[in-house]
Amino acid sequence: MNISTIKQDWLGNIRGDVLAGIVVALALIPEAIAFSIIAGVSPMVGLYASFCIAVVISIFGGRPAMISAATGAMALVMGDLVADHGLQYLLAATILTGILQVTYGLFKVARLMKFIPRSVMIGFVNSLAILIFMAQLPHFVGETWHMYVMVAGSLAIIYLFPFVTKVIPAPLVAIITITIVAVVTGSGVRTVGDMGELSQTLPMFLLPDIPLTFETLQIIFPTALALSVIGLLESFLTAQIVDDMTDTDSNKNQEAKGQGIANVVAGFFGGMAGCAMIGQSVINVKSGGRGRLSTFVAGAFLMLLIVVFNDILIQIPMAALVGVMFMVSIGTFDWSSLTTLHLMPRTDAIVMVVTVVAVVLTHDLSIGVFIGVLLSAVFFASKISKVEVKGIHVEGGKKKVYKVKGQLFFASVTEFVASFDFKEDVDVVELDLTETHLWDDSAVGAIDKVVLKYQDNQTDVHVIGLNKESSTLVEKRAVYDKPVKKMASH
């Protein structure tokens, strides 16, 4: 990375990055606390994680302006480990998660992103928007009408204030205004302080208090493996979304290494594993954040709020932050995907909807993406498994030429073999494979089957038109053209 790039990332948008970072820090706090509760740990574990990860990723990450911290997708995976073995094992699993992610980065796993279809990406984004929206609904339980009015007021400020000025991010104005209203009116709505106990202490470097044995590794490895994969999947997809929003590119393999380093640091400083957050990243970009400074400020200001401005922080009403998260949900959802759903190929539309449903039902983004990719692969295989076999009689009907068109692989061989009449009255059969390609062992097996069945009926068979790759595969694996093997097969 050259000096001009570093200057641009850190100093190219100072005012925008600092203001955006402050907004993100305020929005991070209730989420970090909520995710800590999901994981079954103290609120400070999520807050320390968010601080460490945001600061470290701002330096080592591959995508400027992307926010990484404690996340719900990761918290869901940790619950069982914490319940069965306690916090110290979670910290060890967090460090191992980081080590695995650095390894993935070194092996350049980001190239696997090309196997995630656009329909799955849209499904991922839409389901995340729905989950963000649903996560705000519990905040209304048991609340008075004041909560509804304040959320509406927060949204009104967020959407109308930019018409006045865009110098200050509208979400920041909304949070400050609604906090002042709540304090002055004494409305009694739930505040950040009601979410959990916030201690005014900085994180300290500590080694996890666990035995360094193979048994410990057996306990933490499955959780660390799941966390490392989910974390990178969410981070890569979020990086892609920020790329699109800012019309810039990012280094996904560097992001993998950065996420790994951030999780190692978080584990040593009492934090849980985290990854990129699409909601916070959208807030950051929409609030004017463009550089690494915005991510750094988000983490640093988060800690400053907890340690120095704790008394003010605990008075921020949840209504203000719920309003901000509703804005994120609305802004994240790809509304054009609904209006163009009928124009999409039917299979793409099915993949998108199934991805959304899977994520919303399981609350697990990785499951939805996995199901979406698997379904796309099945649809793709079925699309290209159509094989056309045309038979033409020549030389007075004593010879028949079969022209084969299409891809020959495991999904198309049954249809291919069924296209031949092995008992027909011809002396010679010519199999013209000029317009086909043999992809796997199943394809070679199908050619063998056709040739040997004709030969069993005393019909000569000539295979012609094989391209170079198909010919090489036939030479290695086929039986029909090798007399010794052919005799052995009978």
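This tour goes through one structure stop by stop, saying what to select and what is found there.

The model is predicted, so its local features are given only where pLDDT is at least 70, side-chain atom pairs count only at pLDDT 80 or more, and totals for chains, interfaces and linings use all residues. Residues are numbered from 1 along each chain as its sequence is written, and side-chain values use heavy atoms, with hydrogens and water left out.

**The sheet**

Begin with the open sheet of four strands, whose order is E3-E4-E5-E6 and whose pairing is mixed. Helices (H or I, at least four residues) and strands (E, at least two) are DSSP runs numbered from the N terminus, and two strands pair if DSSP finds at least two bridges between them. Strand E3 (388-394) and strand E6 (460-464) are the edges, each with a single partner strand, so one side of each is left without a neighbour in the sheet. On average, neighbouring strands of this sheet are turned by 20° against each other, direction ignored; axes here are lines fitted to C-alpha atoms, for helices over the stretch in contact, and angles run from 0 to 180 degrees between N-to-C directions.

Next select E3 together with strand E4 (residues 399-408), which pair in the antiparallel sense over seven bridges. They form a hairpin with four residues between them, and Glu395 in the turn has a positive phi of about 50°. Glu388 has Lys405 in E4 as its bridge partner, and Lys405 also stands opposite Glu435 in E5. Strand E5 (residues 428-438) pairs with E4 in the parallel sense over nine bridges. Seven of the ten residues of E4 are buried, so this strand is largely enclosed by the rest of the structure; buried means under 20% relative accessible area, exposed over 50%, and partly exposed in between (1.4 Å probe, protein chains only).

**Helix H19**

Move on to helix H19 (residues 441-456), where 16 residues at 1.5 Å a residue should span 22 Å, and the end C-alpha atoms are 22 Å apart, which agrees. The expected span is 1.5 Å times one less than the number of residues. Among the buried residues of H19 are Ala443, Ile447, Val450, Val451 and Tyr454. After the helix comes Gln458, whose phi is positive, near 55°.

**The largest pocket**

Now select Glu31, Phe35, Gly72, Leu131 and Ala135, which of the 29 residues lining the largest pocket are the closest to its centre. The volume of this pocket is about 660 Å³. On a 1 Å grid over the protein atoms alone, a pocket is an open set of points with protein on both sides within 12 Å along at least five of seven lines, a cavity is a set of points where a 1.4 Å probe fits but cannot get out, and lining residues have an atom within 4 Å of a point. Grid points are joined across faces, edges and corners, and a volume is the space filled by probe spheres set on the points. Helices that each supply at least two residues of the pocket lining include H2 (14-39), H4 (72-85) and H6 (118-136).

**The cavity**

The structure holds one cavity of 30 Å³ or more, and the largest cavity contains about 50 Å³ of space. Its lining includes Ile57, Arg63, Met66, Glu255 and Arg292, and helix H3 (43-60) and helix H12 (292-307) are the elements that give two or more residues to it.

**Two single residues**

Finish with Ala273, in the loop between helix H10 (252-268) and strand E2 (275-276), and with Phe370, in helix H17 (residues 365-384). Ala273 is buried, with a relative accessible area of 0%, whereas Phe370 is exposed, with a value of 55%. Phe370 and Val120 are 250 residues apart in sequence and 9.0 Å apart in space, C-alpha to C-alpha.
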